[in-house]
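Dear colleague,

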Amino acid sequence: MSTITPVALQQRFAARPDLVLLDVRTPAEFDEVHVPQARLEPLDRFQSEATIAALGLPKDQPLHLLCRSGARAAQAAAKLQAAGYEPVVVEGGTLAWIKAGLPVVRGERKVIGLERQVRIAAGALVLTGVILSLTVHRGFIGLSGFVGAGLVFAGITDWCGMGLLLAKAPWNQRRPS
């Protein structure tokens, strides 16, 4: 899988403004801050070759992919590559783009990033499991164990079911304007 730095991509845009840049974050994250040339295509739209084909992406040029830090863009790139596209991941994602001092569009609404939402939800579930196991029934400790196993699985496979569920939550979607 190919990668490119934010500065190198910005230079490519100067020469070829028609390049395709896909931002695979949630709509809420995109609305908070995004690269001006980016087109929003959340990660859940890359589930199969059929859903990818429905996006109408060109196969005759590289597709540059961007997320917050690079992990979701790499997941989308693997699926695009398997479907016959030429993906290029922007190293470090939107965070690196901002750190490089490149232009961004900022919205008015501040959101909690998806990765942080996963940590909050996982911590809340583990704490709930522990409290319930101490106060209601010992069997509730299984909730904490289940969440811990899910986090280990996510770390090993780089696939997080909780993240995918949270991405579909109402607060991570665009509000009608």
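How many salt bridges does a search of the whole structure find? The search finds seven, a salt bridge being a side-chain nitrogen of Lys or Arg within 4 Å of a carboxyl oxygen of Asp or Glu. Please note that this is a predicted model, in which local features need pLDDT of at least 70 and side-chain atom pairs count only at pLDDT 80 or more, while totals for chains, interfaces and linings use all residues. Residues are numbered from 1 along each chain as its sequence is written, and side-chain values use heavy atoms, with hydrogens and water left out.

R39, E41 and R45 are joined in a network of salt bridges. Within it, R45 and E41 meet through their side chains at 2.9 Å, N to O. E41 is buried, at 6% relative accessible area, and R45 is partly exposed, at 37% (buried is under 20%, exposed over 50%, partly exposed in between; 1.4 Å probe, protein chains only).

A further salt bridge is formed by the side chains of K168 and D44 (3.0 Å, N to O). This pair links distant parts of the chain, 124 residues apart: K168 is in the segment after α8 (161–167), and D44 in the loop between β4 (39–40) and α3 (49–53). Helices (H or I, at least four residues) and strands (E, at least two) are DSSP runs, numbered from the N terminus. K168 is exposed, with a relative accessible area of 53%, whereas D44 is partly exposed at 30%.

The side chains of E115 and R68 also form a salt bridge (3.5 Å, N to O). E115 lies in helix α6 (residues 114–135) and R68 in the loop between β5 (63–66) and α4 (71–82), so the pair ties together parts 47 residues apart in sequence.

Yours sincerely
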